[in-house]
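Please open the structure in your viewer and keep the selection panel at hand. The tour below goes from one selection to the next and says what is found at each stop.

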Amino acid sequence: MQKIHPKTLQDLEFPTVREQISARCNTELGKQAALEILPYTDIVALKKILGQTSEYLASFSNDNRIPNHGFDQINAELRLLAIENTTLEISGFRRIASICKTMELHQKFLKKFKEYYPLLFEFSSALDSNTAIPSAIDNVIDKFGEIRDGASTELKQIRIRINEVRSKINQSFAAALGRYQGQDYLDEIRESVVENRRVLAVKAMHRKKVKGTVMGTSKTGSIVYIVPETTLGHTRELGNLEFEEKEEVQRILNELTDEIRPHQELLRSYQSYLTHIDVTASKAKYASEMDGLLPEINDNKELFLREAYHPLLYMTNKIKKEKTWPQTIQLHGENRIIVISGPNAGGKSITLKTIGLLQVMLQSGLLIPVHERSSVCLFDKILTDIGDNQSIENHLSTYSYRLKNMNQFLKKCNSNTLFLIDEFGTGSDPELGGALAEAFLEVFYEREAYGVITTHYANLKALANELPHATNANMLFNAKTLEPTFQLILGEAGSSFTFEVAQKNGIPYSLVNKAKKKIERGKVRFDATIAKLQKERSKMAQTGSRLQEEETKARDEAERLEKLNAKIKSKLENYQELYDHNQRMIQLGDKVNTAAERYFIDNKKRPLISELLRIVETENSKRKKTSAKEAKAKQTQKKQVAQELEKKIVKVRQEKKVQKKKAIQKEKNKPRPVFKVGDRVRMQDGKAVGSIDTLEKGKAVVNYGMFTTQVSVDQLELVESIKN
């Protein structure tokens, strides 16, 4: 593949995509690298990069998340390592150790999960692991960024002596402080610190009575700061030891720098790896936010973008919580060129840019927001002519600029080219410009180039209809509301709806009618026919969609009923088999019971045994010979059916109990009627109806005609109140 021209990237707004990816990087080097993303010229490298990004995206949805890859850049340290006799600072060593540890963590993780991330594992394993560098740094520098006492024997001894001298200084200072405080020579603050030394805060009037070195005075001059004479000797010794400590630390850092210096290229490769991972992670985040994925890459020169979204438009609308309309478009050997027509603001340019931007993104190693069944191919060149491109600097008009651009197209166009032209032929006299555009299109067609153009010119629509490997397409437009639907329809040209849109925007009908009379009648009829076809196509699409939905529902319902029927049939067969089995067992039980009764009466064993054997032989003669395995399976099936039936019976019983409890509870919650003599009543669990003869203390005598009975009124239900 060849390099894609920067103008093409600018036309398709690819720099904006790079900026959005850069914003999702964690490191400064990653942000910088993301802004420099360009389409790949090596197909093998491109496929690896796409695979790595796809693997990183997959890590977001499983439990094996790739470890953190953040780091602080070490470019300054690498420059110093390239110069002999230089020494790194402690912060530089810590950054180097951090990068080495992060790299080691990644290599271990990707080795452990190489089945999940084979391409990332291959990329990380290409670098040598080195645990010696962070180990050497950790032996010298602790986690707080301080040089360890054990970094060298000499440093340890020096620091021991420093601690001893500091202890002596503190002791001697404390003694002087106590003595002069007792003599009331010191101010209220007693002591202070000057030039990192403890000093006595002596009252100015007693300055000559205190032996030592004056280090300064207060702003008012009332206090003189003096180092006691007893501590001066120890202080000088401490200064010498601190100088020795500094020299020893410098020597240790020099040695550590020289130890790391041979590994500068390895460290550079570690930083490059982590930068690459940062960009890859950012690409994966970007893909995750816009539902991007890696489609199939074919070698058949077929571009099939199904439900494709314009990434920038999708991300913008996502923030605004607005709907983005996807497009489906297909280019292949039998349909290489698509001519899109239709009204302005109908989505033609967005469709064109969607195709171009997705192709550039894919060839730059980015995942794209399309349906998983999409299939794409790769192009050597992507040529674009989008937008006004008027050049004030070069004193070129729009049309002159476009002609220069078309000249470049003619030089570069071949069978491995994808060209995208917006408003093809505009900028000049419609008839002359249209004729020239038609000639250009014929050349592109003859060279077997792939392309998509948008136009309003009827001659280009006609040419696309005549060429066998080209086709018309239009952006669907609602003729009633004159609003775009943003749906691309292949196979027919689109009307510009020029006069309809003008009327909708308030242009007087008389003026529109006058304009219609000024143009050729055939042109109006042609445009009207196209508009009519579009309306019919829209109706057919809606009807087809509705019929398809109904067909799907009917098919789903038929499948559901068929499954239900099969299930019921299977259960009925099982229940019938169980019923037959139980009936046979009952008959068999009756026979055995008869034999048992006979034996009970006559107590004769021989006839009993003979009868039992006859029963067994009769039953066995009815059985089919089956293997032990089949018999066991059949028995298991019977048990399962019996268990299922038992469960259902138990469930039904439980449901009846619950319903009964609810009914009882409902009766309890119902307000009790006030009974009167003569009311017709019945018992709560009875059917006979009688009338109340007497009522006394919650008891009622109910007359049923043939007999009377005394019951509690709580057990009675009111059937009919006596009429007054």
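Two strands are taken as paired if DSSP finds at least two bridges between them. With that in mind, and remembering that the model is predicted, select strand β15 (residues 680-683) together with strand β16 (residues 689-696), which run antiparallel and are joined by 3 bridges. Within this pair, pick R682, whose bridge partner in β16 is V689.

Now widen the selection to the whole sheet, which is open, has 5 strands in the order β18-β17-β16-β15-β19, and is paired in antiparallel fashion. Its edge strands, each pairing on one side only, are β18 (708-712) and β19 (716-720). If you look along the sheet, neighbouring strands are turned against each other by 45° on average, with direction ignored.

Next, select helix α9 (residues 153-182) and helix α10 (residues 229-260), which pack at an angle of about 160° with their axes 9 Å apart. Since angles over 145 degrees count as roughly antiparallel, α9 and α10 are therefore described as roughly antiparallel to each other. The crossing of α9 past α10 is left-handed, and the residues of their contact comprise 11 nonpolar, 5 polar and 10 charged ones.

The remaining stops are salt bridges, of which the structure holds 20. R159 lies in helix α9 and D149 in the loop between α8 (132-140) and α9, 10 residues apart.

Moving on, select K203 and D184, which form a salt bridge whose closest N and O atoms are 3.4 Å apart. K203 sits in strand β2 (residues 197-203) and D184 in the loop between α9 and β1 (186-194), 19 residues apart. Both count as partly exposed, K203 at 23% relative accessibility and D184 at 46%.

Finally, display E289 and R24, whose side chains meet in a salt bridge (2.7 Å, N to O). E289 lies in helix α11 (residues 264-289) and R24 in the loop between α2 (14-23) and α3 (28-34), so the pair ties together parts that are 265 residues apart in sequence. E289 is partly exposed, with a relative accessible area of 31%.

Terms used. Residues numbered from 1 in each chain as written. Predicted model: local features only at pLDDT ≥ 70, side-chain atom pairs only at ≥ 80, totals over all residues. Heavy atoms only, no water. Axes fitted to C-alpha atoms, helices over the stretch in contact; angles between N-to-C directions. Helix = DSSP H or I, 4+ residues; strand = E, 2+ residues; numbered from the N terminus. Parallel < 35°, antiparallel > 145°, perpendicular 65-115°, else oblique. Left-handed = near helix turned anticlockwise from the far one by under 90°. Nonpolar A, V, L, I, M, F, W, Y, C, P; charged D, E, K, R; others polar. Salt bridge = Lys/Arg side-chain N within 4 Å of Asp/Glu carboxyl O. Buried < 20%, exposed > 50% of the residue type's maximum accessible area, 1.4 Å probe, protein only.
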